[in-house]
Amino acid sequence: HRDKQHTHIHLYINRIDFNGTAYNDSFIGKRSQQAAEKVAEQYQLTTVRRLQIEKEFNLKDIRAEIKRRHDITMKNFKPKSFDQYIKAMEANKVKVIPCINKANKLQGFRFEFDGYNLKGSEIHRSMSGGNIGKAMAAQVGVKPFLKENEQLKMAGKAVQLSNRMVVSITKHV
């Protein structure tokens, strides 16, 4: 149906046969996906898999450019805190948006560049919040890094690092 911007299909499947016995539903998700793809091909519709591949291909250059700018920032600016990192990335024309959870702790970052807004882990695995922290802590040492990043001023409020991020950085370095 077409109640969204794209045409899509819902499959409703009966698991019970005429004798009241349930069919084996092992791999039902995979089988449903295959059936939906056959119907999509038959009616010349675009599949989710095809959209994902196209999106991945279209974002390849953007992701590579953001990663390149991240690498330049880490190498040339050598930030000692997340605040310094954000300012250095903005100097490289990449807006860094902190992701803060309900517990008011820093979870990670989103990166905005050239009209695109991507999670750090979507760009490259080294650009997750924890991995950026690990890279900075490796340069300056764990104690100075954690002291510098004990309480961050982000999005107009004081924010702390998530416990998971602190443990990850400490273990790594």
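Ile 9, Leu 11, Ile 13 and Ile 28 make a nonpolar surface patch of about 310 Å² in this predicted model. Patches consist of residues with over 30% relative accessible area and no salt bridge, with nonpolar side chains (Val, Leu, Ile, Met, Phe, Trp, Tyr) joined within 5 Å and like charges within 9 Å; a salt bridge is a side-chain nitrogen of Lys or Arg within 4 Å of a carboxyl oxygen of Asp or Glu. Areas were computed by the Shrake-Rupley method with a 1.4 Å probe, and for residues only the protein chains shown count as cover. Ile 28 belongs to helix α1 (residues 28-42) and, at 33% relative accessibility, counts as partly exposed (buried is under 20% relative accessible area, exposed over 50%, partly exposed in between).

Residues are numbered from 1 along each chain as its sequence is written. Local features need pLDDT of at least 70 and side-chain atom pairs pLDDT 80 or more, whereas totals for chains, interfaces and linings use all residues, and side-chain values use heavy atoms, without hydrogens and water.

The chain contains 7 helices and 5 strands, assigned as DSSP runs numbered from the N terminus (helices H or I, at least four residues; strands E, at least two). Their order from the N terminus is α-α-α-β-β-β-α-α-α-β-β-α. Along the principal axes, the C-alpha atoms fill a box of roughly 70 × 35 × 30 Å. Of the 173 residues, 29% are buried.

Strands β1 (residues 95-100) and β2 (residues 105-113) run antiparallel and are joined by 6 bridges; pairing requires at least two DSSP bridges between two strands. The two strands form a hairpin with 4 residues between them, and Asn 104 in the turn has a positive phi of about 65°. Cys 99 stands opposite Gly 108 in β2.

Aromatic pairs number 4 (ring centres of Phe, Tyr and Trp, the last by its six-membered ring, within 6.5 Å; planes under 30 degrees apart are stacked, over 60 edge-to-face, the rest tilted). The rings of Phe 82 and Phe 145 have centres 5.7 Å apart and planes at 70°, so this pair is edge-to-face. Phe 82 lies in helix α3 (residues 82-91) and Phe 145 in helix α6 (residues 142-148), so the contact ties together parts 63 residues apart in sequence. Both Phe 82 and Phe 145 are buried. Tyr 85 and Phe 109 form a tilted pair, because their ring centres lie 6.3 Å apart with planes at 50°. This pair links Tyr 85 in helix α3 to Phe 109 in strand β2, 24 residues apart.

Notes. Buried < 20%, exposed > 50% of the residue type's maximum accessible area, 1.4 Å probe, protein only.
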